[in-house]
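Reader: I'm new to looking at protein structures. Could you walk me through this one?

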Amino acid sequence: MAFQADKGRAMRIGLYIHIPFCSFLCHYCDFAKTANYDSILVQDYFTALLNQFRVMTRHLERTSGRPVSFSSVYFGGGTPGLFTTEYTSLLSAVYEHLDPDAEITMECNPKNLNQNALDAWKAMGVNRLSIGVQTLHKKGLEILTRDHDASTALRALELAMHSIPSVNMDLIYGWPGQGADDWVSDLQQLVNSGVPHASLYSLTYEDRTPFGRMARRGKVRPEADEALADRYVAAREILGDAGFEHDEVSNWARSGFTCRHNWVYWDFKNFLGIGAGAHGFLPAAKAADGMATSRIDYVVDDAIDIGMRYSFPRDVRTFLRRAPDSASADSLTAVVRELGGEIDEGRDQDSALIEYVGGALRTRHGIDLAFCEKITGQIFSPRPLLIEALKRRVAWRDGSRLRFDPAEWFRENSWASEVLLSF
Ligand code: SF4
């Protein structure tokens, strides 16, 4: 049956597309990725992505009776910047469902960035680039096992900013041996580069990575929390003085350059995720397959709902083996399973609230207390520590929002439990 719906009532959501291929593997990285691939595997992968995109979008439209319109598209990886023409068919399909002013971000590494690639991405409609610089310090780049040097990264940034309206620089702090001065120097070079958006992450030692193994064996010692907190303070000071607005604990933007796709995640809005290792967060479909998903059965407008979270297999070959060309199921959860995905079945109102509060607390928008009251059925009644924080203006009420001072975003864990216990 052909889809018919009122175009004015579109379901506006984000789209995340995972590209798991890398030309080298960094020893700290825990993303779904492989450096072991050839052109046939890449072709098969893009075909599977297109199928998955079509099946899921069609299903969302059919069950909601509304057209799906993507307000943002994010190509994450892996290294999406390794490819150009490979995106043609997929993007043609995406364009049928795109907001006219959609933000389209492509992640890339400095070494893949050249004028030909930039021209191709621009022609595809990419209007935002996120560049994995990580550090401009020679020793840091070696320790992080990156394959570029500082001058390549700076040249890539300059080239990118001439072609694409919005550019982000990723930096990592807390790498072994990084001194406070090294970090300040990275931040100053970021400011001097003129890049309008910065994502700054502290190095983590994930179990599945070589860095995680080295930490377990005592071969490397993760930076102390106090030192990481000092790096955060330095970032706030230097980027704040340079006129950046602090959007979220790890993200800063000059006026007009905030990342709209990030706000989909932080504001708990829905997004379709496709590809190996991709996660998605969609409206909780009516439990046609018997799974209780949500107290709010099916919310398909822009309002926040607790929704359904799912993920696809991280391994590319497993992903391809499990990805059929079509799906016949009539509920969203069953479609995800037919496509080889897994539903987060343990998720309920309590866990959704923990997710939401922990994430929103660390953002400029803060926590929507009315939404929390809707989920819990309880009125917000701040506990003594929170009352004290409100008195000291460490936190403040703004309509139905509870916001925290950015200095506190780094201590999200302690405040999240205070907020959660206040319902
Ligand atoms: S950090 Fe980026 S380039 Fe390095 S392995 Fe991970 S996804 Fe690939």
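This is a predicted model: local features need pLDDT of at least 70, side-chain atom pairs count only at pLDDT 80 or more; totals for chains, interfaces and linings use all residues.

Reader: Which residue caps the N-terminal end of H12?

Author: Look for a side-chain oxygen and the backbone nitrogen of Asp350, which lie 3.1 Å apart.

Reader: How far does helix H12 reach from its first C-alpha to its last?

Author: H12 covers residues 349–360, which makes 12 residues. At 1.5 Å a residue, you'd expect 16 Å, and the helix comes close to that. Its reach is 16 Å.

Reader: Is Phe211 buried or exposed?

Author: Phe211 sits in helix H7. It touches residues including His27, Tyr28 and Leu203. Buried means under 20% relative accessible area, and Phe211 has 4%, so it counts as buried.

Reader: And what is the relative accessible area of Glu408?

Author: You'll find Glu408 in helix H15. Leaving out residues up to four places away in sequence, Glu408 touches Val394 and Trp415. The cut-off for buried is under 20%, and Glu408 is buried because its value is 10%.

Reader: How many charged residues are in the shell around the ligand?

Author: The ligand's surroundings include Cys22, Phe24, Thr79 and Arg146. By class, the shell has 6 nonpolar and 4 polar residues. The number of charged ones is 1.

How values were computed
Residues are numbered from 1 along each chain as its sequence is written. Side-chain values use heavy atoms; hydrogens and water are left out. A residue is near a molecule or strand if one of its heavy atoms lies within 4 Å of it. Ala, Val, Leu, Ile, Met, Phe, Trp, Tyr, Cys and Pro count as nonpolar, Asp, Glu, Lys and Arg as charged, and the others, Gly among them, as polar. Helices (H or I, at least four residues) and strands (E, at least two) are DSSP runs, numbered from the N terminus. Buried means under 20% relative accessible area, exposed over 50%, partly exposed in between (1.4 Å probe, protein chains only). Contact means heavy atoms within 4.5 Å. The expected span of a helix is 1.5 Å times one less than its number of residues. A polar contact is a pair of N or O atoms within 3.5 Å; within protein, one must be able to donate a hydrogen and the other to accept it, and residues adjacent in sequence count only if both atoms are side-chain atoms.
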